[in-house]
Structures are given as structure tokens and as C-alpha cells.
Amino acid sequence: MELTLSEKEAAEFAGVNWSELAIVSHVDVLIAPQSGSVYVEGDEGGELHGAPVVRPAEGEKCARCWKVLPETGTRADAPGLCLRCADVVAEQEQQVVTAVQEGQ
Ligand SMILES: [Zn+2]
């Protein structure tokens with residue numbers, strides 16, 4: 001997804017994880033200088049920027065989180081998974097091994 005923001009909006013929403021919020025694989029944030037704000041009250045000056053543009057993401061769908069990412073399947077020890085999920089699965093596997101070794 002491509003999300004255009006005014007400078008004020010970009011400052012206001014600096015900490016937002018847009019891909020998590022919009023439930024999409026990836027968000028490119030574009031700043032439109034001099035544009036008025038659509039999402040922040042009291043900043044209506046300037047021409048308004050465009051609406052978000054949605055298009056298919058590039059890459060393969062991760063079998064665990066379903067995000068479509070270019071990195072999916074690049075780790076040989078975690079076929080079909082993105083890097084984040086590969087780390088989570090490896091950590092869970094390690095916890096199981098540790099629990100078995102400790103007899104739990
Ligand atoms: Zn994943």
C-alpha cells in the first residue's frame with residue numbers, strides 16, 4: 001500500500017506501524033510537502049494529498065503470518081516462512097528442546 005501524508009500528519013503519526021494497522025504486507029509512506037492534512041484537524045491549508053493506493057505486494061505468502069514479502073522462503077532452515085516467523089518458530093522449537101531436556 002502507498003500512503004501519502006502531509007508533513008504534519010507524518011509528524012503526528014510518526015510511531016504508527018502502518019502495515020500492522022492496515023493489515024497489509026507493506027506500506028510505503030510518501031510525504032507531500034505543502035499539502036493540507038486530511039487526517040489531522042486544524043491543518044486544512046494547501047491542496048489535499050491523494051488517497052491511499054493499494055496494489056498487490058511483491059513476494060511469496062508466509063505460511064504462518066500470511067504476509068506477502070520478498071524475504072519469504074529465503075532461509076533454508078525455514079522454508080515458506082518470512083524472517084520474523086522463522087525467528088519465532090526457531091525460538092519455540094528451542095523452548096521445546098529445553099523443556100524436554102529438563103524433563104518437563
Ligand atoms: Zn511470517
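This is a predicted model: local features need pLDDT of at least 70, side-chain atom pairs count only at pLDDT 80 or more; totals for chains, interfaces and linings use all residues.
Residues are numbered from 1 along each chain as its sequence is written.

Ser37 is placed in the loop between E2 and E3, and although Ser37 and Glu60 are 23 residues apart in sequence, 35 Å lie between their C-alpha atoms.

Now the overall layout. The chain has three helices and four strands, in the order β-α-α-β-β-β-α from the N terminus on; helices (H or I, at least four residues) and strands (E, at least two) are DSSP runs, numbered from the N terminus. The radius of gyration of the chain is 20 Å, well over the 13 Å that the globule rule gives for 104 residues, so the chain is more spread out than a compact globule; that radius is taken over C-alpha atoms, and the rule is 2.2 Å times the number of residues to the power 0.38. Along its principal axes, the C-alpha trace spans about 65 × 30 × 15 Å, and 16% of the 104 residues count as buried.

The domain assignment, whose bounds come from an automatic or database source, gives domain 1 as 1-55 and domain 2 as 57-104. Their centres, taken over C-alpha atoms, are separated by 32 Å. As for contacts, where two residues qualify if their C-beta atoms, placed from the backbone, lie within 7 Å, residues 24 or more positions apart account for 38% of those in the chain with a separation of 6 or more.

Strand E1, residues 2-5, has a covered face with Leu3 and Leu5, and an uncovered one with Glu2 and Thr4. E1 runs parallel to strand E2, residues 28-31, and four bridges join the two; strands are said to pair if DSSP finds at least two bridges between them. The bridge partner of Thr4 in E2 is Leu30.

Which residues have a positive phi although they are not glycines? One of them is Ile23, at about 55°, in the loop between helix H2 (18-22) and E2, and Ile23 counts as exposed because it has 8 C-beta neighbours inside 10 Å. Another is Gln34, at about 70°, which lies in the loop between E2 and strand E3 (60-61) and is exposed, with 10 other C-beta atoms within 10 Å.

If we leave aside neighbours within four places in sequence, Leu81 is in contact with Cys62, Ala63, Arg64, Thr72, Ala86 and Val89. With the same exclusion, Cys65 is in contact with Cys82 and Cys85. Cys65 sits in the loop between E3 and strand E4 (68-69), and, with 15 C-beta neighbours inside 10 Å, Cys65 counts as partly exposed.

Finally, helix H3, residues 83-101, has 19 residues and reaches 27 Å from its first C-alpha to its last, close to the 27 Å expected at 1.5 Å a residue, where the expected span is 1.5 Å times one less than the number of residues. Leu83 is found in H3 and is partly exposed, with 14 other C-beta atoms within 10 Å; beyond its neighbours within four places in sequence, Leu83 is in contact with Glu71 and Arg75. Just after H3, Gly103 takes a positive phi of about 75°.

Definitions and conventions:
A residue is buried if 20 or more other C-beta atoms lie within 10 Å of its own, exposed if 12 or fewer, and partly exposed in between; C-beta atoms are placed from the backbone.
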